[in-house]
Amino acid sequence: MRGSGSRSARPPGRRAEKGAATRQAILDAALDAFSAKGFAATRLDDVARGAGVAKGTIYVHFRDKETLFEELVRAYLGPLVGTLTASQPTGLSPRAFARAIVDVFVREVLGTRRKDVLRLGLTEGARFPELAQIYYREVISKAVPHLRLVFGAAHAQGALRSDALARFPHLLVAPGLVAIIWDALFSRFEPLDAAALMHAQIDLIFGPEGDA
């Protein structure tokens with residue numbers, strides 16, 4: 001009986017693993033389709049074909065195409081945003097903390113498929129305000145206030161001479177967004193060193209090495 005009981009306990013776990021794998025395959029296929037065709041032109045049939053599942057399987061996991069897009073943003077960018085908002089500059093100067101953020105952005109965004117998710121926001125957000133709202137809610141509204149608090153505290157304590165980063169933490173990742181656009185449009189003509197670009201921005205913000 002013990003052996004029979006252990007066998008009956010395993011299938012739910014396997015089913016959960018299979019469901020998670022199917023869900024991820026759908027998300028990956030959606031990113032492929034959205035990137036290739038855009039949000040409007042992508043059909044759920046395209047996503048199903050790319051994921052190797054029946055169209056009806058998509059509805060088991062996602063209500064509609066917009067929900068699928070929302071989950072795409074949450075799945076790819078949510079963990080990274082969570083890590084960022086939990087970060088504190090303990091023992092780091094403001095410049096070193098800014099460098100750490102840039103290094104994470106280069107490694108975890110520009111070096112992965114998260115770059116494609118961000119590119120979708122840049123290209124589709126203006127035409128589909130509901131998609132821009134998803135990005136704002138899931139990413140910007142969480143990351144920007146946290147960075148404002150961190151750099152605002154550094155400025156109040158005298159560790160940061162200017163309050164520019166407290167007011168506009170967007171300055172740190174702005175070159176990264178430029179790099180994403182450049183990669184899509186011009187990289188075949190002239191590759192851009194995104195990491196060097198983002199670190200150059202830090203030097204412009206903080207001044208010569210050794211300053212706060």
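Arginine 43 and aspartate 46 are joined through their side chains by a salt bridge (3.5 Å, N to O); the term denotes a side-chain nitrogen of Lys or Arg within 4 Å of a carboxyl oxygen of Asp or Glu. Arginine 43 is partly exposed at 47% relative accessibility, whereas aspartate 46 is buried at 8%. Here buried means under 20% relative accessible area, exposed over 50%, and partly exposed in between (1.4 Å probe, protein chains only). Side chains of opposite charge can pair when their charged atoms come close.

Arginine 63 and aspartate 64 form another such pair, at 3.7 Å from N to O. Arginine 63 is exposed, with a relative accessible area of 64%, and aspartate 64 is partly exposed at 30%.

## Basis of the model

The model is predicted: local features require pLDDT of at least 70, side-chain atom pairs count only at pLDDT 80 or more, and totals for chains, interfaces and linings use all residues. Residues are numbered from 1 along each chain as its sequence is written, and side-chain values use heavy atoms, with hydrogens and water left out.

## Overall architecture

The chain contains ten helices and zero strands. Helices (H or I, at least four residues) and strands (E, at least two) are DSSP runs, numbered from the N terminus. The C-alpha trace spans about 65 × 50 × 30 Å along its principal axes.

Of the 212 residues in the chain, 38% are buried. Among contacts with a separation of 6 or more, 71% are between residues 24 or more positions apart; a contact means heavy atoms within 4.5 Å. The chain exposes about 11700 Å², of which carbon and sulfur atoms supply 59%. Accessible areas come from the Shrake-Rupley method with a 1.4 Å probe, and for residues only the protein chains shown count as cover.

## The pairing of H4 and H7

The structure holds 23 salt bridges. One of them links the side chains of arginine 137 and glutamate 70 (2.5 Å, N to O). Arginine 137 belongs to helix H7 (residues 129–156) and glutamate 70 to helix H4 (residues 65–86), so the pair ties together parts that are 67 residues apart in sequence. Arginine 137 is partly exposed at 34%, while glutamate 70 is buried at 18%. Salt bridges with shared partners join Arg23, Glu70, Glu71, Arg74, Arg137, Glu138 and Lys142 into one network.

H4 and H7 pack at an angle of about 5°, with their axes 9 Å apart. H4 is therefore roughly parallel to H7. Axes are lines fitted to C-alpha atoms, for helices over the stretch in contact, and angles run from 0 to 180 degrees between N-to-C directions; those under 35 degrees count as roughly parallel, over 145 as roughly antiparallel, 65 to 115 as roughly perpendicular and the rest as oblique. Residues of H4 that meet H7 include Phe69, Val73 and Leu77, and those of H7 include Ile134, Val139 and Leu147.

Leu122, Ile181, Leu185, Phe186 and Phe189 make a nonpolar surface patch of about 480 Å². Patches are made of residues with over 30% relative accessible area and no salt bridge: like charges are joined within 9 Å, nonpolar side chains (Val, Leu, Ile, Met, Phe, Trp, Tyr) within 5 Å. Phenylalanine 189 occupies the loop between helix H9 (170–185) and helix H10 (194–206) and is exposed at 60%.

Glutamine 201, in helix H10, is buried, with a relative accessible area of 17%. Leaving aside residues up to four places away in sequence, glutamine 201 touches Leu171 and Pro175.
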